[in-house]
Amino acid sequence: MNDMTPEKSGKKERSKLAKWSRRGFIGAGVLAGGGLLIGIGVRPGNPIDKLAPKVAAGEGEQLVNSWVKIDADNVVTAIVPHCEMGQGAHSVLAQMLADELDADWDLVKVMQAPTDGSYIVSDTARMFAAPFTLNAANWIEPTWDGLFTQLGRSMDLMITGGSSSIRSTGQYSMRIAGAAARKMLVGAAADAWGVPSSEIVTRDSMLFHEASGKSATYAQFASAAAEQPMDATPVLKKAKQYRLMGKSKARTDIPAKVDGTAQFGIDAVPEGLDLSYAAVVRPPVPGTEVVRMDVGTAKQMPGVLQILNMGDHVAVVAESYWHAQQAANAISIEWSKPASPIRTMDDQYQVFAKALDEAGETGGEEAAARGDAQAALGNAATRIDAEYRVPYLAHAPMEPMNCTAHVEGGKCDIWTSTQVPLAARSEVAKALGMGADDITIHHPYLGGAFGRRLGAEYVAMAARVAKATGYPVKMIWSREEDTQKALYRDADTCRMRAGIDDGGRLVAFDSLFTQRHDPPEACVPAMYDIPNTSIRVAEAELHLPFQAWRSVDHSKQGFFIESFIDEAAHAAGADPLDFRLALLSEAPRHKAVLEKLAEISDWRGTRTEGTAKGVAIVESFGTIVGEVVEVDMSSGKPELVNVWAVCDAGYVMSPDGFRNQIEGGIVFGLTAALYGELDLEDGAIVQSNFHDYRMLRMDEMPEIEVAIINSGDVPIGGAGEPGLPPVAPALANAIFAATGDRKRTLPLAKQFT
């Protein structure tokens, strides 16, 4: 493992959460607010009496522990604290619980945990108290300014993001809960039958005592099991004992999504409420407010009920969303003058350049260091310098931002698609001046998110509008509103320098950039054995507000680092894949990924004229992913042919679901690499909808092949984020291999007109 020294200059105070070890979290017992620690109960005892009225109030239903419910028909329900946004987390979490429980998968259901604070996901905090990367060096000093700020906000630890659901809650709650419940069921049967627990076998939601011939369903002993002592550290299965984990099982959410019964936030029609609909107009330039507006035309339009000047936005409430949006479009608004001098993207990049210039070759805040990079650069036989740029990006989830709110009698009910229901509850409480216990969040499926729904500003906005009108309101943002006036993946500029010795070895690596969010180690090529490394941050103002975007900083740093490693390989006269292999002497898992990638992509085989292949490897969120992109440049512009991906997530719990997520990350990353860009004009975003904020289309799709390596007894990694970071650099590297033209700025497609 590479040994880099900790950050020293301008070091931020480390988060209190970062000081907790895994063992420390387990031993602490109760978190603030009475949250659940390991998912099977707040010690001492089993809190099912408090939880049962919320999740097991039906006739014949028995809560065995916090996450496990069994009914009279022997159906096991896994109570899941993460949201389902198409990633399949509900099914895989239930699969992990059911395997440890020895449950019959055909009798397993999933229930969304209530969002009232009784199912706090402390396992997520436990995960993010330690570095993401399995092979990260001891220089990492996590900061919590970005993606997971919610973790420290009043302990609202109910969050779906960072590819954390399976590798945190799955590993440290669901499996433990299933194993503990199984032990409790066995104990109850042993007491009733008067036999040793060791003689009882469990299989397919049944209990068997072979010597006496006795058998029973789990349902028959569910109530007695709930009275049994609960083991907080039950013995978990080894991989060779898995029956469900590691298998591709049918997802529990698919039938409802096929037959149309699945409910998303935008589908909310609360029983007994006569809904009105709101469309909003937000400031086109961040930091501005309404100065005056002309609503003469809008208020005369059909269906309009109210037009509200909320200061930071204007809301039109009408009998239908169409009526509301048409009226909103007809309002003339004068906004206050922006404080920011940034009016165009050239202005933004000049701000970045100024910060980088001032930092120079040795300045900025040190993120990581090893050896003496400056001296090594000065003594190198060959030195290369490069500057990379990436633009702002929108999340563009398919389900528009929406929230239904009803404020009455000092209470507020919210129906919305959110990744952070408890943080949303806190935002609403703050906006309305209510206590959090007076806010009820109803939490349906999410129609996509990609990090966008980690913010809750739209939820508070809907609550404010509902309170101001006095009646229940469903607020929907238009696609234009969310594209132009939301929260974004940040833009950045990165300057890189490398030194190569006489033998073609990379001996110095220096990186300077302006934006660092999460994960904090994304900016460091820790897997590579580079003796002299300096990673620095020169902070610069962002014109647009930041929100975590799929793979967060890895989406930028993957492009910077892996493009530049490719440049170093060519400067050294080496094959790009072989050059990387030589740098991975201390990272055997990464090396195995590249070797497998070379095999399945036929890296060293004959190339068709006009085509070329590029390679990149990035470890993110605990998963190592190497990708090769094959591009055809014979038409003068890039046409995608193939993408090969090899992934080592430690152990993949659902191979089909994992491949789906990796493929989704590749498509998302290719879209950004080719087309993703937000331009500024007079400080406002130019793009507005899918016609000018393009997605990759079906006829542009390459063939994708995903290979999985289960490397053994290591912590498991994520799936939703890690497929994205390698694809942009692999594509850019392929274009260089085909044309000799190095592209250091994204997006790529507009550079081939």
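In the predicted model, F621 lies in the loop that connects strand 22 (611–620) to strand 23 (623–632). Helices (H or I, at least four residues) and strands (E, at least two) are taken as DSSP runs and numbered from the N terminus. The model is a prediction in which local features require pLDDT of at least 70 and side-chain atom pairs count only at pLDDT 80 or more, while totals for chains, interfaces and linings use all residues. Residues are numbered from 1 along each chain as its sequence is written, and side-chain values use heavy atoms, with hydrogens and water left out.

The phi angle of F621 is near 55°, a positive value in a residue other than glycine. F621 has a relative accessibility of 0% and counts as buried (under 20% relative accessible area; exposed is over 50% and partly exposed in between, with a 1.4 Å probe and protein chains only). S551, also not a glycine, has a positive phi of about 75°. S551 is located in the loop between strand 21 and helix 14 (554–571), and is buried with a relative accessible area of 0%. Most residues other than glycine have a negative phi, and most peptide bonds are trans.

Two cis peptide bonds are described here. The bond from D518 to P519 is cis, with omega near -15°, and P519 belongs to the loop between strand 20 (506–513) and strand 21. The bond joining L746 and P747 is cis as well, with omega about 5°; P747 falls in the segment after helix 18 (727–739).

Strand pairing was assigned where DSSP finds at least two bridges between two strands. Strands of a sheet pair through backbone hydrogen bonds, either parallel or antiparallel. An open sheet of seven strands with mixed pairing has the order 10-11-8-18-15-16-17. Strand 10 (304–309) and strand 17 (439–442) stand at its edges and have a single partner strand each, so one side of each is left without a neighbour in the sheet. Neighbouring strands of this sheet are turned against each other by 20° on average, direction ignored (axes are lines fitted to C-alpha atoms, for helices over the stretch in contact, and angles run from 0 to 180 degrees between N-to-C directions). Strand 17 pairs with strand 16 (residues 411–416) in the parallel sense over four bridges, and C412 stands opposite I439 of strand 17.

Strand 13 (residues 365–370) pairs with strand 21 (residues 532–537) in the antiparallel sense over five bridges. Within this pairing, A369 has S534 of strand 21 as its bridge partner. Five of the six residues of strand 13 are buried, so the strand is largely enclosed by the rest of the structure.

Helix 3 (residues 89–101) packs against helix 5 (residues 165–193) at an angle of about 35°, and the two axes are 7 Å apart. The crossing of helix 3 and helix 5 is right-handed (the near helix is turned clockwise from the far one by less than a right angle; anticlockwise is left-handed). By class, the contact of helix 3 with helix 5 comprises 12 nonpolar, five polar and three charged residues. In this classification Ala, Val, Leu, Ile, Met, Phe, Trp, Tyr, Cys and Pro are nonpolar, Asp, Glu, Lys and Arg are charged, and the others, Gly among them, are polar.

Rings of Phe, Tyr and Trp (its six-membered ring) were paired if their centres lie within 6.5 Å, with planes under 30 degrees apart counted as stacked, over 60 as edge-to-face and the rest as tilted. By this rule there are 11 aromatic pairs. The ring centres of Y349 and F352 are 6.1 Å apart and the planes stand at 70°, so this pair is edge-to-face. Both Y349 and F352 lie in helix 9 (residues 345–359), three residues apart, about one turn of the helix. Y349 is buried at a relative accessible area of 10%, and F352 is buried at 0%. The rings of F559 and F560, with centres 6.3 Å apart and planes at 55°, form a tilted pair. F559 is buried at 0% relative accessibility, and F560 is buried with a relative accessible area of 0%. Y388, F559 and F560 make up one aromatic cluster.

Charges were placed over a ring if NZ of Lys or CZ of Arg is within 6 Å of the ring centre and within 35 degrees of the ring normal. The charged end of R742 sits over the ring of F736, 4.1 Å from the ring centre. K743 lies over the face of F752, at 4.8 Å from the ring centre.
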